[in-house]
Amino acid sequence: LARNAPQKPSFGSVISRSLGARSPEMPPYVTIPKSEAFGYQGAVYLGKAYNPFEVGADPNAEGFRVPNLALPEGLSLDNVQDRRQLLKRFDTLRQDIDATGGLSGLSGFKGQALEMVSGDRVRDAFDISAESEQLRDRYGRHQYGQSALLARRLVEAGSTCVTVNTGYWDHHDNVHPNLEQHLPPLDAAIAALVEDLETR
């Protein structure tokens, strides 16, 4: 059953643990716009550090931005750097006493989160508006197309594995109308991605 608890790490988490990111600032494993609902794209026993970074927003949305990459209102990059130095001084917990790996996973996420928020590389990679209007049109102005384009940008910037989730495909009825809705944008997105990769 789909609602069984995940038993094994996802392939993206295995890749993340085995290879990491090709660029240290980038998240190695990303899901667009978010991970699927049942938890099967997680790291399970590998530890929280190998869970995917969830984009958390539709790349086709007007004014698309990644919620977790924005600094809270009233917080500057200087504040972030000051707090980072303070954390280094106070973070004296011995992680080897944490048998679950939870602390080390959180510590890895904390360090990566600081790099992602304070650096330009990750924000630039997620800035899909930097692509030409013509190319965005070729991919398709829908979640399928813009997600595929964003995936290409993230891999070029240094992420190792990107999973695009486009909704549920497990149709038990109305199969033909559902596929008529899903297949044309998916076809356009894949065709544009393959052509784009070939030209690049």
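Just after H6, Gly-158 takes a positive phi of about 130°. The model is predicted: local features need pLDDT of at least 70, side-chain atom pairs count only at pLDDT 80 or more, and totals for chains, interfaces and linings use all residues. Residues are numbered from 1 along each chain as its sequence is written, and side-chain values use heavy atoms, with hydrogens and water left out.

Start with the overall layout. The protein chain has seven helices and three strands. Both are DSSP runs numbered from the N terminus: helices are H or I with at least four residues, strands are E with at least two. Along the sequence the pattern reads α-β-β-α-α-α-α-α-β-α. Of the 200 residues, 36% are buried. Buried means under 20% relative accessible area, exposed means over 50%, and partly exposed lies in between (1.4 Å probe, protein chains only). Take the contacts with a separation of 6 or more: residues 24 or more positions apart account for 65% of them. Contact here means heavy atoms within 4.5 Å.

Now return to H6, residues 143-157. At 1.5 Å a residue, its 15 residues should span 21 Å, and the end C-alpha atoms are 21 Å apart, which agrees. The expected span is 1.5 Å times one less than the number of residues. Because 12 of the 15 residues are buried, H6 is largely enclosed by the rest of the structure. Among the buried residues are Tyr-144, Leu-149, Leu-150 and Leu-154. Their cover includes strands S1 (29-32) and S3 (161-164), as well as helices H4 (120-126), H5 (133-139) and H7 (175-199).

S3 pairs with S1 in the parallel sense over four bridges. Two strands pair if DSSP finds at least two bridges between them. Thr-31 has Thr-163 in S3 as its bridge partner. Side chains alternate along S3.

The loop between S3 and H7 holds Thr-166 and Tyr-168. Thr-166 counts as buried, at 19% relative accessibility. Leaving aside neighbours within four places in sequence, Thr-166 is in contact with Gln-143, Tyr-144 and His-182. Tyr-168 counts as exposed, at 57%. With Phe-38 and Tyr-40, Tyr-168 makes a nonpolar surface patch of about 310 Å². Patches are made of residues with over 30% relative accessible area and no salt bridge; like charges are joined within 9 Å, nonpolar side chains (Val, Leu, Ile, Met, Phe, Trp, Tyr) within 5 Å.

Charged pairs come next. A search of the whole structure finds 10 salt bridges. Each is a side-chain nitrogen of Lys or Arg within 4 Å of a carboxyl oxygen of Asp or Glu. Arg-152 is buried, with a relative accessible area of 4%, whereas Glu-156 is partly exposed at 39%.

Glu-156 also meets Arg-200 (2.5 Å, N to O). Arg-200 lies in the segment after H7 and Glu-156 in H6, so the pair ties together parts that are 44 residues apart in sequence. Salt bridges that share partners join Glu-131, Arg-152, Arg-153, Glu-156, Asp-196 and Arg-200 into one network.

Another salt bridge links Glu-195 and Arg-138 (3.5 Å, N to O). Glu-195 lies in H7 and Arg-138 in H5, so this pair ties together parts that are 57 residues apart in sequence.

Technical notes:
Areas by Shrake-Rupley, 256 points an atom, 1.4 Å probe, with all protein chains shown as cover.
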